[in-house]
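Visitor: I would like to understand the charged contacts in this protein. Could you take me through them?

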Amino acid sequence: MAELRAYGIEKRYGGVCALRGIDFDLRSGEVHALLGENGAGKSTLIKILSGLVSPDGGRIEIDGAPVNIRSAATAHALGIQTVHQELELAAPLSVAENIFMGRLPTKGGMIARGELRRNAAEALERIGATIDPDAIVASLSVSDRQVLEIVRAIVRDARILILDEPTAALPSREVDRLLGVIRRLAQNGVSVIYVSHRLEEVLRIADRVTVLRDGRRVAELERSQIDRATLVRHILGRELADFTVAHRSPDGRTDIECRGLSSGSELKNLSFHVRSGEVLGFFGLLGAGQGAVGDALFGLCPASAEHCVIGNIEGLPASPRDALRRDMGYVPADRKGAGLAMPLSINENLLLADFESVTRWGVLDWNAAEARGKEFVERYGIRCRSLSQPVQELSGGNQQKVSVAKWAARRVRRLFLDEPTRGVDVGAKIEIYRFIGSFAAEGGCCMVASSDPAEIASVVDRAIVLKNGIGVAELTGDALEEAALVEAAL
(Lines give C-alpha, C1' and ligand atoms only; values in the text may rest on other atoms or scores of the structure.)
Protein backbone atom coordinates (compact mmCIF):
# COMPACT_ATOMS: atom_id res chain seq x y z
CA MET A 1 0.00 0.00 0.00
CA ALA A 2 1.22 3.49 -0.81
CA GLU A 3 2.45 5.50 2.15
CA LEU A 4 1.00 8.69 0.67
CA ARG A 5 -1.29 9.51 -2.23
CA ALA A 6 -2.31 12.91 -3.57
CA TYR A 7 -5.09 13.21 -6.13
CA GLY A 8 -5.91 16.17 -8.37
CA ILE A 9 -4.05 18.77 -6.31
CA GLU A 10 -4.82 22.32 -7.46
CA LYS A 11 -3.32 25.60 -6.30
CA ARG A 12 -3.73 29.15 -7.58
CA TYR A 13 -1.96 32.34 -6.62
CA GLY A 14 -4.15 35.12 -7.92
CA GLY A 15 -4.49 34.54 -11.65
CA VAL A 16 -1.54 32.13 -11.80
CA CYS A 17 -2.21 28.39 -11.63
CA ALA A 18 0.76 26.85 -9.81
CA LEU A 19 -0.58 23.26 -9.74
CA ARG A 20 -3.04 21.79 -12.22
CA GLY A 21 -4.58 18.52 -11.05
CA ILE A 22 -1.38 16.90 -9.77
CA ASP A 23 -1.43 13.20 -8.88
CA PHE A 24 1.49 11.98 -6.77
CA ASP A 25 2.13 8.89 -4.67
CA LEU A 26 4.92 7.76 -2.36
CA ARG A 27 5.58 4.12 -1.52
CA SER A 28 6.89 2.89 1.79
CA GLY A 29 10.69 2.90 1.97
CA GLU A 30 11.34 4.47 -1.44
CA VAL A 31 13.26 7.52 -2.57
CA HIS A 32 10.95 9.37 -4.96
CA ALA A 33 12.60 12.26 -6.78
CA LEU A 34 10.49 15.30 -7.66
CA LEU A 35 11.94 17.19 -10.62
CA GLY A 36 11.11 20.18 -12.81
CA GLU A 37 12.34 23.59 -13.83
CA ASN A 38 12.18 26.46 -11.37
CA GLY A 39 8.54 27.52 -11.34
CA ALA A 40 7.25 24.09 -12.40
CA GLY A 41 5.32 23.66 -9.12
CA LYS A 42 7.67 21.50 -7.01
CA SER A 43 7.91 23.98 -4.13
CA THR A 44 4.16 24.49 -4.05
CA LEU A 45 3.52 20.74 -3.90
CA ILE A 46 5.97 20.10 -1.05
CA LYS A 47 4.60 23.12 0.84
CA ILE A 48 1.13 21.58 0.60
CA LEU A 49 2.42 18.21 1.82
CA SER A 50 4.31 20.01 4.64
CA GLY A 51 1.23 21.89 5.79
CA LEU A 52 2.64 25.32 4.90
CA VAL A 53 0.12 26.00 2.10
CA SER A 54 -3.48 24.86 1.68
CA PRO A 55 -4.53 23.41 -1.70
CA ASP A 56 -7.49 24.82 -3.60
CA GLY A 57 -8.60 21.37 -4.72
CA GLY A 58 -7.81 17.68 -4.59
CA ARG A 59 -7.32 15.27 -1.70
CA ILE A 60 -4.48 13.56 0.18
CA GLU A 61 -4.44 10.10 1.78
CA ILE A 62 -1.93 8.45 4.10
CA ASP A 63 -2.16 4.67 4.47
CA GLY A 64 -5.48 4.80 2.61
CA ALA A 65 -7.13 7.25 5.02
CA PRO A 66 -7.98 10.82 3.92
CA VAL A 67 -6.08 13.55 5.76
CA ASN A 68 -6.31 17.34 5.95
CA ILE A 69 -2.80 18.77 6.41
CA ARG A 70 -3.87 22.12 7.85
CA SER A 71 -0.49 23.17 9.30
CA ALA A 72 3.11 22.12 9.86
CA ALA A 73 2.05 20.75 13.25
CA THR A 74 -0.54 18.56 11.53
CA ALA A 75 2.11 17.30 9.10
CA HIS A 76 4.45 16.46 12.00
CA ALA A 77 1.66 14.57 13.77
CA LEU A 78 1.15 12.52 10.61
CA GLY A 79 4.87 11.70 10.46
CA ILE A 80 5.80 14.15 7.69
CA GLN A 81 9.03 16.07 8.29
CA THR A 82 10.62 18.55 5.86
CA VAL A 83 14.25 19.61 5.64
CA HIS A 84 14.25 22.92 3.75
CA GLN A 85 17.07 24.26 1.59
CA GLU A 86 17.68 27.04 4.13
CA LEU A 87 18.70 25.11 7.24
CA GLU A 88 16.90 25.94 10.49
CA LEU A 89 19.44 25.19 13.20
CA ALA A 90 20.43 27.15 16.31
CA ALA A 91 24.12 27.72 15.57
CA PRO A 92 25.24 28.65 19.15
CA LEU A 93 23.77 25.45 20.66
CA SER A 94 25.22 21.93 20.68
CA VAL A 95 24.39 19.14 18.26
CA ALA A 96 22.45 17.29 20.98
CA GLU A 97 20.44 20.39 21.93
CA ASN A 98 19.50 20.96 18.28
CA ILE A 99 18.42 17.36 17.77
CA PHE A 100 16.03 17.43 20.73
CA MET A 101 15.07 21.10 20.67
CA GLY A 102 11.60 21.40 22.17
CA ARG A 103 11.88 17.88 23.57
CA LEU A 104 14.87 18.15 25.90
CA PRO A 105 14.92 15.51 28.69
CA THR A 106 14.70 17.04 32.14
CA LYS A 107 15.23 15.97 35.74
CA GLY A 108 14.22 18.13 38.67
CA GLY A 109 13.41 21.01 36.36
CA MET A 110 16.92 20.96 34.82
CA ILE A 111 18.13 19.57 31.50
CA ALA A 112 19.34 15.98 32.00
CA ARG A 113 22.64 16.45 30.18
CA GLY A 114 23.76 12.83 30.40
CA GLU A 115 20.50 11.48 29.04
CA LEU A 116 20.47 14.17 26.31
CA ARG A 117 23.95 13.21 25.16
CA ARG A 118 23.16 9.46 25.16
CA ASN A 119 19.95 9.97 23.21
CA ALA A 120 21.73 12.17 20.66
CA ALA A 121 24.58 9.68 20.25
CA GLU A 122 22.06 6.88 19.64
CA ALA A 123 20.15 8.97 17.08
CA LEU A 124 23.36 9.83 15.20
CA GLU A 125 24.56 6.23 15.27
CA ARG A 126 21.21 5.06 13.89
CA ILE A 127 21.99 6.62 10.50
CA GLY A 128 25.76 6.14 10.61
CA ALA A 129 26.63 9.78 11.35
CA THR A 130 29.96 10.41 13.13
CA ILE A 131 29.19 13.85 14.56
CA ASP A 132 30.15 14.72 18.15
CA PRO A 133 26.91 15.32 20.13
CA ASP A 134 28.72 18.00 22.19
CA ALA A 135 30.00 19.95 19.17
CA ILE A 136 28.63 23.47 18.70
CA VAL A 137 26.62 23.65 15.47
CA ALA A 138 28.41 26.83 14.36
CA SER A 139 31.63 24.78 14.12
CA LEU A 140 30.15 22.11 11.83
CA SER A 141 30.63 21.80 8.09
CA VAL A 142 27.61 22.44 5.85
CA SER A 143 27.28 18.71 5.14
CA ASP A 144 27.27 17.87 8.87
CA ARG A 145 24.56 20.48 9.41
CA GLN A 146 22.50 18.92 6.63
CA VAL A 147 22.87 15.48 8.25
CA LEU A 148 21.93 17.02 11.60
CA GLU A 149 18.68 18.36 10.14
CA ILE A 150 17.85 14.85 8.92
CA VAL A 151 18.64 13.32 12.33
CA ARG A 152 16.38 15.88 13.97
CA ALA A 153 13.56 14.89 11.63
CA ILE A 154 14.07 11.19 12.34
CA VAL A 155 13.88 11.55 16.14
CA ARG A 156 10.55 13.29 15.58
CA ASP A 157 9.25 9.96 14.25
CA ALA A 158 9.36 10.86 10.57
CA ARG A 159 7.73 8.27 8.34
CA ILE A 160 7.87 10.60 5.35
CA LEU A 161 10.92 12.82 4.87
CA ILE A 162 10.88 15.67 2.35
CA LEU A 163 14.36 16.88 1.33
CA ASP A 164 14.47 20.16 -0.61
CA GLU A 165 17.78 20.57 -2.48
CA PRO A 166 19.75 18.85 0.32
CA THR A 167 23.07 18.90 -1.56
CA ALA A 168 22.88 22.36 -3.16
CA ALA A 169 25.70 23.75 -1.00
CA LEU A 170 27.81 20.57 -0.73
CA PRO A 171 31.06 19.66 -2.50
CA SER A 172 31.06 16.35 -4.37
CA ARG A 173 32.83 14.28 -1.70
CA GLU A 174 30.24 15.31 0.93
CA VAL A 175 27.38 14.50 -1.43
CA ASP A 176 28.40 10.82 -1.40
CA ARG A 177 28.12 10.70 2.38
CA LEU A 178 24.69 12.33 2.46
CA LEU A 179 23.31 10.06 -0.26
CA GLY A 180 24.49 7.09 1.80
CA VAL A 181 22.55 8.42 4.80
CA ILE A 182 19.41 8.81 2.68
CA ARG A 183 19.71 5.31 1.28
CA ARG A 184 20.02 3.83 4.80
CA LEU A 185 16.91 5.71 5.88
CA ALA A 186 14.93 4.26 2.97
CA GLN A 187 16.20 0.76 3.79
CA ASN A 188 14.86 1.29 7.32
CA GLY A 189 11.38 2.05 5.96
CA VAL A 190 11.43 5.87 5.82
CA SER A 191 9.82 7.21 2.62
CA VAL A 192 11.77 10.07 1.04
CA ILE A 193 10.66 12.80 -1.38
CA TYR A 194 13.90 14.10 -2.92
CA VAL A 195 13.80 17.49 -4.65
CA SER A 196 16.93 18.36 -6.60
CA HIS A 197 18.26 19.94 -9.78
CA ARG A 198 21.35 17.73 -9.75
CA LEU A 199 20.39 15.00 -12.18
CA GLU A 200 23.52 12.92 -11.49
CA GLU A 201 22.37 12.48 -7.88
CA VAL A 202 18.86 11.58 -8.95
CA LEU A 203 20.24 8.85 -11.20
CA ARG A 204 22.13 7.43 -8.20
CA ILE A 205 19.53 7.68 -5.44
CA ALA A 206 16.00 7.61 -6.90
CA ASP A 207 13.76 4.56 -7.03
CA ARG A 208 11.19 6.56 -8.96
CA VAL A 209 10.91 10.03 -10.52
CA THR A 210 7.98 12.40 -11.03
CA VAL A 211 8.53 15.38 -13.35
CA LEU A 212 6.43 18.56 -13.19
CA ARG A 213 6.27 21.19 -15.92
CA ASP A 214 4.16 24.35 -15.83
CA GLY A 215 2.17 23.02 -12.86
CA ARG A 216 1.33 19.69 -14.51
CA ARG A 217 2.68 16.18 -14.00
CA VAL A 218 4.30 15.27 -17.32
CA ALA A 219 6.07 12.03 -16.38
CA GLU A 220 6.35 9.33 -13.76
CA LEU A 221 9.31 7.00 -14.31
CA GLU A 222 10.46 3.81 -12.61
CA ARG A 223 14.17 3.35 -11.96
CA SER A 224 14.63 1.17 -15.06
CA GLN A 225 13.29 4.03 -17.24
CA ILE A 226 15.57 6.75 -15.85
CA ASP A 227 18.54 8.19 -17.74
CA ARG A 228 19.85 11.73 -18.06
CA ALA A 229 18.56 12.37 -21.59
CA THR A 230 15.06 11.18 -20.69
CA LEU A 231 14.94 13.37 -17.57
CA VAL A 232 16.13 16.47 -19.46
CA ARG A 233 13.58 15.88 -22.22
CA HIS A 234 10.69 15.67 -19.76
CA ILE A 235 11.91 18.61 -17.62
CA LEU A 236 12.32 20.97 -20.58
CA GLY A 237 9.79 19.53 -23.00
CA ARG A 238 12.50 19.28 -25.66
CA GLU A 239 15.85 17.71 -26.36
CA LEU A 240 18.87 19.63 -25.11
CA ALA A 241 22.52 18.72 -25.57
CA ASP A 242 24.94 19.44 -22.74
CA PHE A 243 26.50 22.87 -22.98
CA THR A 244 30.27 22.92 -23.00
CA VAL A 245 32.81 25.33 -24.44
CA ALA A 246 35.83 24.44 -26.44
CA HIS A 247 38.67 25.46 -24.14
CA ARG A 248 40.25 28.41 -25.89
CA SER A 249 43.43 30.37 -25.40
CA PRO A 250 42.17 33.95 -25.71
CA ASP A 251 44.80 36.33 -27.05
CA GLY A 252 43.21 39.52 -25.75
CA ARG A 253 45.21 41.90 -23.61
CA THR A 254 45.53 41.27 -19.90
CA ASP A 255 42.66 43.18 -18.32
CA ILE A 256 42.98 42.19 -14.65
CA GLU A 257 46.25 41.30 -12.95
CA CYS A 258 46.73 40.50 -9.27
CA ARG A 259 49.82 39.36 -7.42
CA GLY A 260 49.84 38.37 -3.77
CA LEU A 261 46.08 38.85 -3.16
CA SER A 262 45.27 38.16 0.50
CA SER A 263 42.14 38.52 2.62
CA GLY A 264 42.15 37.40 6.26
CA SER A 265 42.39 33.62 6.51
CA GLU A 266 40.37 33.05 3.33
CA LEU A 267 42.96 34.09 0.73
CA LYS A 268 46.72 33.83 1.03
CA ASN A 269 49.07 35.31 -1.56
CA LEU A 270 46.97 34.40 -4.62
CA SER A 271 48.25 35.52 -8.03
CA PHE A 272 46.31 35.45 -11.31
CA HIS A 273 45.52 37.37 -14.46
CA VAL A 274 42.49 37.51 -16.77
CA ARG A 275 42.46 38.53 -20.43
CA SER A 276 39.72 40.29 -22.34
CA GLY A 277 37.48 37.63 -23.91
CA GLU A 278 38.50 34.98 -21.37
CA VAL A 279 36.53 33.01 -18.79
CA LEU A 280 38.75 32.28 -15.79
CA GLY A 281 37.55 29.76 -13.22
CA PHE A 282 38.34 29.57 -9.51
CA PHE A 283 37.66 26.06 -8.23
CA GLY A 284 37.87 24.58 -4.76
CA LEU A 285 35.94 22.47 -2.32
CA LEU A 286 33.46 24.34 -0.14
CA GLY A 287 35.34 26.92 1.96
CA ALA A 288 38.56 26.72 -0.07
CA GLY A 289 38.48 30.48 -0.67
CA GLN A 290 37.28 30.76 -4.26
CA GLY A 291 34.30 32.93 -3.33
CA ALA A 292 36.51 35.34 -1.37
CA VAL A 293 38.22 36.38 -4.62
CA GLY A 294 35.01 38.07 -5.78
CA ASP A 295 34.52 39.81 -2.42
CA ALA A 296 38.07 41.19 -2.62
CA LEU A 297 37.79 42.37 -6.23
CA PHE A 298 34.43 44.04 -5.58
CA GLY A 299 35.59 45.88 -2.47
CA LEU A 300 33.37 43.97 -0.07
CA CYS A 301 36.04 42.90 2.43
CA PRO A 302 39.42 44.08 3.69
CA ALA A 303 42.06 42.78 1.28
CA SER A 304 45.56 43.56 0.14
CA ALA A 305 47.72 42.80 -2.89
CA GLU A 306 51.36 43.33 -3.78
CA HIS A 307 50.19 44.46 -7.21
CA CYS A 308 46.71 44.87 -8.70
CA VAL A 309 45.57 46.49 -11.95
CA ILE A 310 41.95 46.40 -13.12
CA GLY A 311 41.65 47.87 -16.58
CA ASN A 312 44.08 50.72 -16.36
CA ILE A 313 43.47 51.54 -12.69
CA GLU A 314 45.96 50.39 -10.10
CA GLY A 315 45.05 49.06 -6.65
CA LEU A 316 42.16 47.00 -5.30
CA PRO A 317 38.70 48.63 -5.21
CA ALA A 318 38.07 50.18 -1.79
CA SER A 319 34.29 49.68 -2.03
CA PRO A 320 31.59 48.36 -4.39
CA ARG A 321 31.13 51.94 -5.66
CA ASP A 322 34.82 51.98 -6.52
CA ALA A 323 34.46 48.61 -8.28
CA LEU A 324 31.54 49.95 -10.32
CA ARG A 325 33.73 52.86 -11.44
CA ARG A 326 36.06 50.20 -12.83
CA ASP A 327 33.19 48.74 -14.84
CA MET A 328 32.96 45.59 -12.71
CA GLY A 329 29.87 43.60 -11.73
CA TYR A 330 29.44 40.84 -9.14
CA VAL A 331 26.87 38.05 -8.91
CA PRO A 332 27.25 36.71 -5.32
CA ALA A 333 26.49 33.15 -4.25
CA ASP A 334 23.83 34.37 -1.79
CA ARG A 335 21.30 35.84 -4.20
CA LYS A 336 18.67 36.35 -1.49
CA GLY A 337 20.92 38.01 1.06
CA ALA A 338 23.32 39.91 -1.18
CA GLY A 339 22.42 39.66 -4.87
CA LEU A 340 18.88 41.03 -4.93
CA ALA A 341 16.53 43.36 -3.06
CA MET A 342 13.89 40.69 -2.44
CA PRO A 343 10.85 42.90 -1.63
CA LEU A 344 11.41 45.09 -4.70
CA SER A 345 9.99 44.34 -8.13
CA ILE A 346 11.79 42.61 -10.99
CA ASN A 347 12.15 45.89 -12.84
CA GLU A 348 13.47 47.73 -9.79
CA ASN A 349 16.09 45.01 -9.30
CA LEU A 350 17.11 45.24 -12.95
CA LEU A 351 17.60 48.98 -12.44
CA LEU A 352 19.64 48.70 -9.24
CA ALA A 353 23.00 48.66 -10.99
CA ASP A 354 22.21 51.31 -13.60
CA PHE A 355 19.54 53.89 -12.79
CA GLU A 356 21.46 56.51 -14.76
CA SER A 357 20.67 54.93 -18.14
CA VAL A 358 16.90 55.46 -17.70
CA THR A 359 16.87 58.86 -16.01
CA ARG A 360 16.44 62.26 -17.61
CA TRP A 361 17.73 65.26 -15.66
CA GLY A 362 17.65 63.20 -12.49
CA VAL A 363 14.08 61.93 -13.01
CA LEU A 364 13.39 58.27 -13.74
CA ASP A 365 11.89 57.70 -17.20
CA TRP A 366 9.41 54.93 -16.40
CA ASN A 367 8.61 54.27 -20.08
CA ALA A 368 12.30 53.68 -20.82
CA ALA A 369 12.65 51.56 -17.69
CA GLU A 370 9.60 49.47 -18.66
CA ALA A 371 10.89 48.92 -22.19
CA ARG A 372 14.31 47.88 -20.97
CA GLY A 373 12.83 45.59 -18.31
CA LYS A 374 10.70 43.79 -20.91
CA GLU A 375 13.76 43.37 -23.12
CA PHE A 376 15.77 41.61 -20.42
CA VAL A 377 12.87 39.52 -19.13
CA GLU A 378 12.38 38.17 -22.67
CA ARG A 379 16.10 37.79 -23.39
CA TYR A 380 16.74 35.71 -20.27
CA GLY A 381 13.44 33.86 -20.16
CA ILE A 382 12.48 35.19 -16.71
CA ARG A 383 9.11 33.65 -15.87
CA CYS A 384 6.90 36.16 -14.10
CA ARG A 385 3.40 37.64 -14.03
CA SER A 386 4.66 41.14 -14.73
CA LEU A 387 7.68 43.40 -14.28
CA SER A 388 6.09 44.73 -11.08
CA GLN A 389 6.06 41.30 -9.41
CA PRO A 390 8.29 41.22 -6.29
CA VAL A 391 11.46 39.20 -6.85
CA GLN A 392 10.81 37.25 -3.63
CA GLU A 393 7.80 35.61 -5.33
CA LEU A 394 9.92 34.14 -8.14
CA SER A 395 11.43 30.67 -8.15
CA GLY A 396 15.12 30.37 -7.31
CA GLY A 397 16.19 29.96 -10.93
CA ASN A 398 14.27 33.01 -12.07
CA GLN A 399 15.72 35.02 -9.18
CA GLN A 400 19.19 34.02 -10.36
CA LYS A 401 18.38 35.10 -13.91
CA VAL A 402 17.41 38.54 -12.56
CA SER A 403 20.67 38.67 -10.58
CA VAL A 404 22.65 38.01 -13.79
CA ALA A 405 20.49 40.19 -16.06
CA LYS A 406 21.02 43.16 -13.73
CA TRP A 407 24.67 43.30 -14.81
CA ALA A 408 23.90 42.59 -18.45
CA ALA A 409 21.61 45.62 -18.35
CA ARG A 410 24.49 47.77 -17.13
CA ARG A 411 26.79 46.30 -19.81
CA VAL A 412 29.77 45.92 -17.50
CA ARG A 413 33.08 44.86 -19.07
CA ARG A 414 34.25 42.79 -16.09
CA LEU A 415 32.07 40.30 -14.20
CA PHE A 416 32.64 37.88 -11.30
CA LEU A 417 30.03 35.15 -10.73
CA ASP A 418 30.16 33.12 -7.50
CA GLU A 419 28.34 29.74 -7.66
CA PRO A 420 26.24 31.08 -10.57
CA THR A 421 23.98 28.03 -10.97
CA ARG A 422 23.55 26.80 -7.39
CA GLY A 423 19.96 25.63 -6.88
CA VAL A 424 18.78 26.34 -10.45
CA ASP A 425 17.27 23.90 -12.92
CA VAL A 426 18.96 22.48 -16.00
CA GLY A 427 17.27 24.93 -18.38
CA ALA A 428 18.24 28.02 -16.36
CA LYS A 429 21.75 26.59 -15.94
CA ILE A 430 22.24 26.32 -19.71
CA GLU A 431 20.96 29.88 -20.21
CA ILE A 432 23.42 31.22 -17.61
CA TYR A 433 26.28 29.28 -19.23
CA ARG A 434 25.34 30.76 -22.59
CA PHE A 435 25.37 34.24 -21.08
CA ILE A 436 28.88 33.61 -19.71
CA GLY A 437 30.04 32.41 -23.12
CA SER A 438 28.53 35.36 -24.99
CA PHE A 439 29.86 37.84 -22.41
CA ALA A 440 33.41 36.62 -23.06
CA ALA A 441 32.87 36.35 -26.83
CA GLU A 442 31.97 40.05 -26.88
CA GLY A 443 35.30 40.88 -25.25
CA GLY A 444 34.25 40.85 -21.61
CA CYS A 445 36.54 39.75 -18.80
CA CYS A 446 34.68 37.01 -16.91
CA MET A 447 35.50 35.09 -13.72
CA VAL A 448 33.52 32.14 -12.32
CA ALA A 449 33.98 30.72 -8.81
CA SER A 450 32.41 27.33 -8.14
CA SER A 451 32.70 24.20 -6.02
CA ASP A 452 31.15 22.16 -8.86
CA PRO A 453 33.95 20.60 -10.95
CA ALA A 454 31.56 19.79 -13.82
CA GLU A 455 30.59 23.46 -14.02
CA ILE A 456 34.18 24.69 -14.11
CA ALA A 457 35.19 22.05 -16.67
CA SER A 458 32.22 23.01 -18.85
CA VAL A 459 32.37 26.79 -19.05
CA VAL A 460 35.84 28.20 -18.36
CA ASP A 461 38.93 28.51 -20.54
CA ARG A 462 41.38 28.24 -17.66
CA ALA A 463 41.02 27.34 -13.99
CA ILE A 464 42.92 28.10 -10.81
CA VAL A 465 42.42 25.52 -8.06
CA LEU A 466 42.42 26.70 -4.44
CA LYS A 467 42.90 24.83 -1.19
CA ASN A 468 42.77 26.59 2.19
CA GLY A 469 42.92 29.95 0.42
CA ILE A 470 46.08 29.10 -1.53
CA GLY A 471 46.34 28.60 -5.29
CA VAL A 472 47.65 25.05 -5.71
CA ALA A 473 47.25 24.44 -9.45
CA GLU A 474 46.35 26.04 -12.77
CA LEU A 475 44.66 23.91 -15.44
CA THR A 476 44.01 24.72 -19.06
CA GLY A 477 43.37 23.01 -22.39
CA ASP A 478 42.99 19.22 -22.36
CA ALA A 479 44.10 19.09 -18.70
CA LEU A 480 40.98 20.99 -17.61
CA GLU A 481 38.81 18.01 -16.61
CA GLU A 482 36.61 17.21 -13.62
CA ALA A 483 38.88 14.50 -12.25
CA ALA A 484 41.96 16.70 -12.51
CA LEU A 485 40.20 19.58 -10.73
CA VAL A 486 39.11 17.38 -7.82
CA GLU A 487 42.51 15.72 -7.57
CA ALA A 488 44.25 19.10 -7.37
CA ALA A 489 41.75 20.36 -4.77
CA LEU A 490 42.37 17.32 -2.56
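Guide: A salt bridge is a side-chain nitrogen of Lys or Arg within 4 Å of a carboxyl oxygen of Asp or Glu. Please note that this is a predicted model.

Visitor: How many salt bridges does that rule give?

Guide: The count comes to 30 salt bridges.

Visitor: What is the N to O distance between arginine 414 and aspartate 255?

Guide: The side chains of arginine 414 and aspartate 255 form a salt bridge at 2.5 Å, N to O. Arginine 414 belongs to strand β21 and aspartate 255 to strand β13, so this pair, 159 residues apart, links distant parts of the chain.

Visitor: Are those two buried or exposed?

Guide: Both arginine 414 and aspartate 255 are buried.

Visitor: And where do glutamate 222 and arginine 27 lie?

Guide: Glutamate 222 is in strand β12 and arginine 27 in strand β2, so their pairing ties together parts 195 residues apart in sequence. Their salt bridge spans 3.0 Å, N to O. Glutamate 222 is partly exposed, with a relative accessible area of 30%, and arginine 27 is partly exposed at 36%.

Visitor: Turning to helix α4, which residue there is paired with aspartate 132?

Guide: That residue is arginine 117; aspartate 132 lies in the loop between α4 and α5, so the pair ties together parts 15 residues apart in sequence. The salt bridge between aspartate 132 and arginine 117 is 3.6 Å, N to O. Aspartate 132 is partly exposed at 39% relative accessible area.

Visitor: Which residues are linked in a network of salt bridges?

Guide: The network joins Asp25, Glu30, Arg208, Arg217 and Glu220.

Notes:
Residues are numbered from 1 along each chain as its sequence is written. This is a predicted model: local features need pLDDT of at least 70, side-chain atom pairs count only at pLDDT 80 or more; totals for chains, interfaces and linings use all residues. Side-chain values use heavy atoms; hydrogens and water are left out. Helices (H or I, at least four residues) and strands (E, at least two) are DSSP runs, numbered from the N terminus. Buried means under 20% relative accessible area, exposed over 50%, partly exposed in between (1.4 Å probe, protein chains only).
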